[in-house]
Amino acid sequence: MDFHEELMFPQLDVTDRDALLETLGAAVTGLGLAEPGYATALKERELEFPTGLPICGGVAIPHTSADHVSGNTIAAASLARPVTFFEMGGDEDSEVVVSTVLLLVFADAAQHVPLLSRIVSCIQDENFIRSITDAEDPAAMVRVLAEAFPPDHPTT
């Protein structure tokens, strides 16, 4: 899997979840890895299937149907100010304050579950999350992700 500095956002300053998903969605679309309307699809899916997790300072792993994307990568953001997501598997109104986001962009629908499983494993590791949040520039974030998702891993 290739990682792109254009999809890495250290200390991103956004006002809310929708602004965050618009920013990440526009970056993915801008690289030609998703169709127009991708950000809207992300926001709609997030309302139906929330992705906020109350671990390691609050992490979200938004994604949408493989029908909307044409590439395989992960976009990452550490947030200057946390934003609120709804909790994955939680009650309808369970909120999670999120400060780290990993956006799954994967065109191969068969790989969604294995990749999501690998991401969930990574985000439970405080050192991995700290490496993302401490990254001072996009290149550092790419290095963290490339180390966590090496080319020989079955989902890459």
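A salt bridge, as I use the term, is a side-chain nitrogen of Lys or Arg within 4 Å of a carboxyl oxygen of Asp or Glu.

**Ground rules.** I'm looking at a predicted model, where local features need pLDDT of at least 70, side-chain atom pairs count only at pLDDT 80 or more, and totals for chains, interfaces and linings use all residues. Residues are numbered from 1 along each chain as its sequence is written, and side-chain values use heavy atoms, with hydrogens and water left out.

**Salt bridges.** I found four of them in the structure. One joins the side chains of Asp-18 and Arg-17 at 3.9 Å, N to O. I then looked up cover, where buried means under 20% relative accessible area, exposed over 50%, and partly exposed in between (1.4 Å probe, protein chains only). Arg-17 is buried at 13%, while Asp-18 is partly exposed at 34%.

Next I checked Asp-13 and Arg-81, whose side chains meet in a salt bridge of 2.8 Å, N to O. Asp-13 sits in the loop between β1 and α1 (17-30) and Arg-81 in strand β4 (residues 72-86), so this pair ties together parts 68 residues apart in sequence. My helices (H or I, at least four residues) and strands (E, at least two) are DSSP runs, numbered from the N terminus. Asp-13 is partly exposed at 49% relative accessible area, and Arg-81 is partly exposed too, at 45%.

I also noted a salt bridge between the side chains of Lys-43 and Glu-22 (2.4 Å, N to O). This pair links distant parts of the chain, with Lys-43 in helix α2 (residues 38-48) and Glu-22 in helix α1, 21 residues apart. Glu-22 came out partly exposed, at 35%.
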